[in-house]
Amino acid sequence: MRASDIAAPVSEEAAVTLSVQGLGVSFHKRGEKVPALEDVSFDLRSGEVLALVGESGSGKSLTALAVMGLLPEAARVDRGAVLLENRDLVGLPAQEMTRLRGHRMSMIFQEPMTSLHPVLTIGRQLTEGLEFHLGLTPRAAAVRAGELLRLVGIPAASPAIRSSSSPTSRRRHSMFPSRRRSSACWRTSARG
Ligand SMILES: Nc1ncnc2c1ncn2[C@@H]1O[C@H](COP(=O)(O)OP(=O)(O)OP(=O)(O)O)[C@@H](O)[C@H]1O
Ligand SMILES: [Mg+2]
C-alpha cells in the first residue's frame, strides 16, 4: 500500500493525534525480505474518522497492526514513524506498548468471536482493562462494566456478562453475534 491510497483528513483544525509517517513494513522469512507496506503516511486528527480503503491484501490490517505494535512475528517496521500525540511508538518497549494499548489507543478487531478470549467471561474481559488502566477495584470495575453493557442494551444481570465467547463453549449460543460485537467494542473503548 502506498501513501496515495489513503484519503486526506476531513478537518485541518483539530490537533493531530496520530501521525503515520513513511511507514514501511516487510516480512522476513527464510532470509528473504518481502515488502508489504511502503511509505504509508497519514494524519488522524482529534474527533476525526479515517477509513483506509483498498483491495484485499493492500495492507489495511497490517497498517493498523503496525500502529498498535501487534505485527506478526515475521514482520518488521523497516522505516518510518508512528507518532501518537507526538511520541514515536516504533521500537517502544513491549511494556510501554501494553500501557498504551486499551488506554490511549484501542483496536476493535474484525471478528468478535476470535477477538474475545475464549475461556474468560465477557464480564471479566470488560473489567480487566478497567482495573489495569484505570486502577478500579474489581467491584468498581464490575459496576462500570454493568453500566457500559446497559448502554448497549445488555442488562448487567443478563447471562451475557457471565458467559464466555468460546466457540467450543457449551454456552456459545448464549450471546448473539451483535452482542458479542458490542462487548468487543466496549472492551476496547471503555478504558480511556
Ligand atoms: N503473516 C503474514 N505473512 C506473510 N505475509 C503476510 C502476513 N500477513 C499479511 N501478509 C501480507 O501483507 C499484505 C497486506 O495484508 P493485509 O492483511 O494488511 O491486507 P488487507 O488490506 O487488510 O486485506 P483484507 O481486505 O483482505 O483484510 C498482503 O500482501 C499479505 O499477503
Ligand atoms: Mg484486513
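**Close-up views of the predicted model**

**View 1. The shell around ligand 1.** Helix H1 (residues 60-68) gives the largest share of the shell around ligand 1, 3 residues. Helices here are DSSP runs of H or I with at least four residues, strands are E runs of at least two, and both are numbered from the N terminus. This is a predicted model, where local features need pLDDT of at least 70 and side-chain atom pairs count only at pLDDT 80 or more, while totals for chains, interfaces and linings use all residues. Residues are numbered from 1 along each chain as written, with chains lettered from A and ligands numbered from 1 in the order in which they are written. Among the residues around ligand 1 are Phe 27, Ala 36, Lys 60, Ser 61, Leu 62 and Pro 72 (C-beta, placed from the backbone, within 6 Å).

**View 2. Strand S3 and its partners.** Strand S3 (residues 75-84) pairs antiparallel with strand S1 (residues 16-29) over 8 bridges; pairing takes at least two DSSP bridges. Ser 19 sits opposite Leu 83 of S3, and Leu 83 also stands opposite Asp 88 in S4. S3 and strand S4 (residues 87-88) run antiparallel, joined by 2 bridges. Their hairpin has 2 residues between the strands, and Glu 85 in the turn shows a positive phi of about 45°.

**View 3. Helix H4 against helix H5.** The axes of H4 (residues 122-134) and H5 (residues 138-151) come within 9 Å and cross at roughly 120° (lines fitted to C-alpha atoms over the stretch in contact, angles from 0 to 180 degrees between N-to-C directions).
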